[in-house]
Amino acid sequence: MDKAVGEPLKPCHGQSHHHNDHRNLPPPTSLKASDALPLPLYLTNGLFFGLFFSVAYFLLHRWREKIRNSTPLHILTFPEIAGIICLATSVVYLLGFFGIGIAQSFISRGSQDSWDVEEDHMTQKKSGLCAAEICSGPAKSPAASLAPVPSEKAVNTMFQSPMLGSDDEEVIKGVLSGDIPSYSLESKLRDCKRAAVIRREALQRMTGRSLEGLPLEGFDYESILGQCCEMPVGYVQIPVGVAGPLLLDGKEYSVPMATTEGCLVASTNRGCKAIYASGGAGSVLLRDGMTRAPVVRFGTAKRAAELKFFIEDPANFDTLSVVFNRSSRFGKLQNIKCTIAGKNLYMRFSCSTGDAMGMNMVSKGVQNVLDYLQTDFPDMEIIGISGNFCSDKKPAAVNWIEGRGKSVVCEAIIKGRGGTEGIEDQCSHSGGA
């Protein structure tokens, strides 16, 4: 270091002369495997392709004639021998053609990389580096100036999301090893979106499949915590169309429809237009009550009948209603109907649920009543919170007779062109929606 400061700078004539000579050299061209061919590559390929198909057709035609004339196939004429040789030559070339690109990539890669290094070195010299930087020591090896190329097939970063932080990697490893349950990420991290990102990344690494097509951004994951869809890793976008206006009971409604079915919104919109032009539709709400039917068992059928009489006694309904309504401020008990099958007792609870479908609030209210009845009937064995007498998610005669959910009848009269004649369309629906 002291020597560099104390001694005057000297021009490096040898190195300067070397670089000047190198600058005057014509730029080298990269070698290609196709340079050894007498014709351009596309002409050579066309020639051998044409030769292959024409010779193959010629040989097949000659062999077909030999079979018809009962001539032995091993007896070859000169044209047939020449055709076999041409066919073998074209096959060898076409098989080797697929290797030309690979060989050419290896040849051009080495020459092009070395030439890029020389160009970078010359660019640095032309940019005005001082003599001390050029002559202060031996020139660096071109290989030393090349930055290492990171591997693109690393297992841990194959599906790495740009939203992951440094602390998230430890959490992902914990999920993959099983130390951190995936369902507990929201409670541990206190960040629902971060939990979804980490769970998504862990799932990708675990399965080896990418979730790139599943959207992640633009959704409020806090809104579904404890409400619906546990352990989210993204969301699905569904197009929403609008049909209408629908004239129902004297009021106009625009009907949003989320669907991926073609022509569904268009056909619904045409129906709304026909109903509107005919004066609208009318509706009547017949029943509104969601049901849940637990099943309990006793030691004797007589004991099951005693609970049936107790529940259906009007004097006990008010007490059971208060116990039931504790679970929700929207759920209101309407009635309880019981049916005995041997020692089993099925209790069909029906309650109003407001604007919600209400299965969860009904189930909680039923559990409250069962806990209350256990005090007066300690021998009661609870078989299931749902005994299939509800009946949920399946067609059943009891739902048609007793009703379940909202039972609605709608009526629309589509008038003809004269405005008087037409057809009458009536529709009744009973369901949980």
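Two strands pair if DSSP finds at least two bridges between them. Keep that in mind for the close-ups below, which all come from a predicted model.

**View 1. Strand 1 and strand 2 pair up as a hairpin.** Let's start with the two partners: strand 1 covers residues 240–248, and strand 2 covers residues 251–258. They run antiparallel, with seven bridges joining them. To pick out one of the pairings, find Leu246 and look across to strand 2, where Tyr253 is its bridge partner. Now follow the chain to the turn: two residues sit between the strands, and Asp249 has a positive phi near 55°.

**View 2. A nonpolar patch lies on the surface.** Here you can look for Leu60, Trp63, Ile67, Leu73, Leu76, Ile81, Ile84 and Ile85, which together have about 730 Å² of accessible area. Where do they come from? Helix 3 (41–68) and helix 4 (78–126) each supply at least two residues of the patch. Zoom in on Ile84, which belongs to helix 4.

**View 3. Glu381 meets a stretch of chain from elsewhere in the sequence.** You'll find Glu381 in strand 7, which spans residues 381–384. Setting aside its neighbours within four places in sequence, Glu381 is in contact with Val295, Val296 and Arg297. Take Arg297: 84 residues separate it from Glu381 in sequence, yet their C-alpha atoms are 5.0 Å apart in space. Glu381 also counts as partly exposed, because its relative accessibility is 44%.

Conventions:
Residues are numbered from 1 along each chain as its sequence is written. This is a predicted model: local features need pLDDT of at least 70, side-chain atom pairs count only at pLDDT 80 or more; totals for chains, interfaces and linings use all residues. Side-chain values use heavy atoms; hydrogens and water are left out. Helices (H or I, at least four residues) and strands (E, at least two) are DSSP runs, numbered from the N terminus. Patches are made of residues with over 30% relative accessible area and no salt bridge: like charges are joined within 9 Å, nonpolar side chains (Val, Leu, Ile, Met, Phe, Trp, Tyr) within 5 Å. Accessible areas come from the Shrake-Rupley method with a 1.4 Å probe; for residues, only the protein chains shown count as cover. A salt bridge is a side-chain nitrogen of Lys or Arg within 4 Å of a carboxyl oxygen of Asp or Glu. Buried means under 20% relative accessible area, exposed over 50%, partly exposed in between (1.4 Å probe, protein chains only). Contact means heavy atoms within 4.5 Å.
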